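Please take a moment with the sequence and the structure shown below, and keep both in view while reading the paragraphs that follow.

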Amino acid sequence: MKKYWFLWVPLLLTSFTILSFQISEQKIVDKAIENAGGTKYDNAIIHFTFRGKQYQSTRKKGSYQLERYVSTEDGLIHDVVSNFGLERTIENCPVKVVDSMVTRISDGVNSVHYFAALPYGLNAPAVQKELVGESIVKGIAYHKIKVTFKKEGGGTDFEDEFLYWIRKETYTVDYLAYKYAVDGGGIRFREAYNPRMVNGIRFADYNNYKTHDLTVPLFDLDKLFEKKELKLLSKIELEDVYVHTDVNCC
């Protein structure tokens with residue numbers, strides 16, 4: 001039996017390495033969420049303004065409401081996405097949303113809240129995480145976490161692909177990139193700035209960059225960023241951020 005031991009050693013080492021790799025990506029994300037607010041997200045009302053529209057999220061024991069208020073010529077439109085689906089009112093009067101618009105409206109509300117609450121959503125059941133490497137950006141070391149989504153529970157954009165640069169020292173999400181398929185497809189790279197803690201939850205604004213070359217792997221966007229080969233498209237800025245934790249209702 002001893003003569004076969006040398007055959008088992010590489011297999012054991014390989015299995016250990018794979019297991020460690022899988023554990024590491026989850027621990028990295030867990031630490032990032034913990035440092036950004038952790039369990040405070042689970043029982044909180046978060047309000048902010050983004051591009052002139054008011055947003056509010058309410059979470060309590062697995063229940064959630066994601067809201068958006070938009071002033072229009074027809075009056076104040078209030079959209080609510082919750083565990084029960086989409087509801088819309090105009091000037092407090094319920095209105096029927098045509099089936100063809102339900103997904104578009106819900107995705108629009110969800111998307112803004114998702115990015116505002118990062119990295120909280122990275123432990124959602126449909127999220128598939130993979131530690132794909134490390135890199136140095138502006139002299140700082142990062143873990144690279146790739147995120148894809150299961151078809152079941154992953155929403156209409158489950159085929160989108162994300163990459164997060166999580167700083168090794170502080171476990172903050174300093175950069176992120178994503179590739180999407182709607183409207184002809186595109187690639188975005190975001191650089192976080194103006195990080196701040198509001199009542200125990202971390203928020204950041206972003207410089208939003210793009211590239212016209214849709215064949216570029218997300219993995220390589222940090223290199224293009226440092227070479228200044230990405231074009232600044234817009235700024236993602238959250239204003240009037242308010243957080244109330246330990247809510248009693250949802």
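Setting aside its neighbours within four places in sequence, Asp 79 is in contact with Leu 66, Glu 67, Arg 68, Leu 86, Glu 87, Arg 88, Ile 105 and Val 109. The model is a predicted one, and in it Asp 79 belongs to strand E4, which covers residues 75-82. With a relative accessible area of 0%, Asp 79 falls under the 20% cut-off and therefore counts as buried.

Strands of a sheet pair through backbone hydrogen bonds, in either a parallel or an antiparallel sense. Strand E1 (residues 43-50) and strand E2 (residues 53-60) are antiparallel and share 8 bridges, with Phe 48 having Tyr 55 of E2 as its bridge partner. These two strands make a hairpin that leaves 2 residues between them, and in its turn Arg 51 has a positive phi of about 50°. Strand E2 is in turn joined by 7 bridges to strand E3 (residues 63-72), again running antiparallel, and here Gln 54 stands opposite Tyr 69 of E3. E2 and E3 also form a hairpin with 2 residues between them, where Lys 61 in the turn has a positive phi of about 50°.

Further along, 7 strands form an open sheet with antiparallel pairing, in the order E7-E8-E9-E10-E11-E12-E13. Its edge strands, each pairing on one side only, are E7 (127-137) and E13 (231-236), and from one strand to the next the twist averages 25°. Helix H2 packs on this sheet, where it touches E8 (140-149), E9 (161-167), E10, E11 and E12 (201-210), and the direction of the helix makes about 20° with that of E9. Within the sheet, strand E10 (residues 173-180) and strand E11 (residues 186-198) pair in the antiparallel sense over 6 bridges, and Tyr 178 stands opposite Arg 188 in E11.

How values were computed
Residues numbered from 1 in each chain as written. Predicted model: local features only at pLDDT ≥ 70, side-chain atom pairs only at ≥ 80, totals over all residues. Heavy atoms only, no water. Pairing = 2+ DSSP bridges. Helix = DSSP H or I, 4+ residues; strand = E, 2+ residues; numbered from the N terminus. Buried < 20%, exposed > 50% of the residue type's maximum accessible area, 1.4 Å probe, protein only. Contact = heavy atoms within 4.5 Å. Axes fitted to C-alpha atoms, helices over the stretch in contact; angles between N-to-C directions.
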